[in-house]
Amino acid sequence: MNTSNFSISVKKITQSKLPNIDFSKLAFGHIFSDHMFVCDYKDGKWQNPRIEPYAPFLVAPSMSVFHYGQAVFEGMKAYKDDKGNVFLFRPTENYARMNKSCRRMAIPEFPEELFDQGLKTLVTLDKDWVQPGVGNSLYLRPFVIATSEGVQANPATEYRFMIITSPVQSYYTTKEVKVKIADHYSRAANGGFGFAKAAGNYAGQFYPTALAKEEGFQQIIWTDDATHELLEECGTMNVVFRIGNTLVSPPPTERILDGVTRKSVLAVADKLGIDFQSRPITVTELIEAAENGTLQEIFGCGTAAVISPVTAFNYKGKDYQLPTIEKSYASQIKEILINIQYNKAEDPFGWRVKI
Ligand SMILES: *Cc1c(COP(=O)(O)O)cnc(C)c1O
């Protein structure tokens, strides 16, 4: 599909909602900016790319996504520096990953060039929604849903790709994050679609996570479905362990999502001269390290929180406390990533993309 001569039509709102927003009181992902990007798949092709005011739209109760869950999404952010320049972080990774998710869910791939154009046009139009200051950003949510009408269990023939955006803040909290290591439930299986950013992966995670919350844990560290021995992900984030002075993180497989943040943490660690091993790690190895005192850190990584340190974990009813560490690898790496994202430092990796 030739997208270079695609023209995206733009219908602007008559009055911005911006003056009514209290940016000091943002809950994650509840407020949406003025515009959204929309593109429909019909008659075998993506067509009619457009920007419209953010608004509800009318759908049929038989719409395919409601019944069979053909839906994928992405999560990205736009950042603003002190001069008012707006940046994306490694966006081509997200374009490519969305199409990887699409293929697995039998959804037609979306042209990456049009994704890029649509996203940049949208963020430029709503650039005042990107607040400056570290921690502030505009969360970008591209997604695709099956829109065909009818309840036959087949891949849909019509789809809608949309991008909606939401101003968010991340707070520096020092609160406890206790996690439970899964010994029964799993989020992904061999031959399944754990590697895809598919809506259904999240739906399946809510119930076990709610049970863990009742027991006093914030998240679950997911293990492989077959043996529950391999440590895989932390909630909806990739997971990294520090044993001695080595970082260990399970490599992406068909059960593990290939996170952009994880990849970036790996590259930054490498630059800092920290040994980073992308290899399978077992519960047995983790417990041993906790018991012999070599386990230093556990953290989750993902776009929303960048890096979230874990303070304690529980396995089969037994608690293990992590040490408090000054100048943790988590905090050092997080600071470098944030400085790149907010244009406060050189970007030796070429990750920052100015809009
Ligand atoms: C989105 C996601 C991640 C993190 O990916 P990033 O690209 O770093 O935001 C990790 N695990 C799962 C299951 C995810 O859905």
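Predicted model: local features only at pLDDT ≥ 70, side-chain atom pairs only at ≥ 80, totals over all residues.
**Stop 1**

Colour residues 3–168 as domain 1 and residues 178–341 as domain 2. Taken over C-alpha atoms, the centres of domain 1 and domain 2 are 28 Å apart.

**Stop 2: where the domains touch**

Now show the contacts between the two parts. On one side, 20 residues of domain 1 take part, and they meet 21 residues of domain 2. The size of an interface is often given as the accessible area lost when the parts come together. For domain 1 and domain 2 the buried area is about 1,900 Å², with carbon and sulfur atoms giving 63% of it.

Polar contacts are also present: 11 residue pairs are found across the interface of domain 1 and domain 2, with both residues at pLDDT 80 or more. To see the domain 1 side, select β4 (71–73), β5 (76–80), β6 (86–89) and α2, the elements that each give two or more residues to the side touching domain 2. Of the domain 1 elements, α2 gives the most to this side, with 6 residues.

**Stop 3: the salt bridge across the interface**

How many salt bridges does the rule find across the interface of domain 1 and domain 2? There is 1. Select Glu93 and Lys263, and display their side chains: the two form a salt bridge, and their closest N and O atoms are 2.6 Å apart. Glu93 belongs to helix α2 (residues 91–104) and Lys263 to helix α5 (residues 260–272), so this pair ties together parts that are 170 residues apart in sequence.

Are the two partners buried or partly exposed? Lys263 is partly exposed, at 26% relative accessible area, and Glu93 is partly exposed as well, at 24%.

**Stop 4**

Next, select helix α3 (residues 112–125), which holds both Asp116 and Lys120. These residues are 4 apart, about one turn of the helix. An α-helix has 3.6 residues a turn, so residues three or four places apart point the same way. Asp116 and Lys120 form a salt bridge, with 3.1 Å between the closest N and O atoms. Asp116 has 21% relative accessibility and counts as partly exposed; Lys120 is partly exposed too, at 24%.

**Stop 5: a salt-bridge network**

Select Asp40, Arg50, Glu52 and Arg160, which are linked in a network of salt bridges. Side chains of opposite charge can pair when their charged atoms come close. Zoom in on Arg50 and Glu52, whose closest N and O atoms are 2.9 Å apart in a salt bridge. Arg50 counts as buried, because its relative accessibility is 10% and the cut-off for buried is under 20%. Glu52, at 24% relative accessibility, counts as partly exposed. Across the structure, the salt bridges come to 16.

**Stop 6: helix α7**

Finish with helix α7 (residues 329–341), which has 13 residues. From its first C-alpha to its last, α7 reaches 18 Å, close to the 18 Å expected at 1.5 Å a residue.

Which residues of α7 are buried? They are Tyr329, Ala330, Ile333, Leu337, Ile338, Asn339, Ile340 and Gln341. Then step just past the end of α7 to Asn343, where phi is positive, at about 55°.

Key: Residues numbered from 1 in each chain as written. Heavy atoms only, no water. Salt bridge = Lys/Arg side-chain N within 4 Å of Asp/Glu carboxyl O. Buried < 20%, exposed > 50% of the residue type's maximum accessible area, 1.4 Å probe, protein only. Expected span 1.5 Å × (residues − 1). Domains from an automatic or database assignment. Contact = heavy atoms within 4.5 Å. Buried area = accessible area lost by both parts, 1.4 Å probe. Polar contact = N/O pair within 3.5 Å; in protein donor to acceptor, adjacent residues only side chain to side chain.
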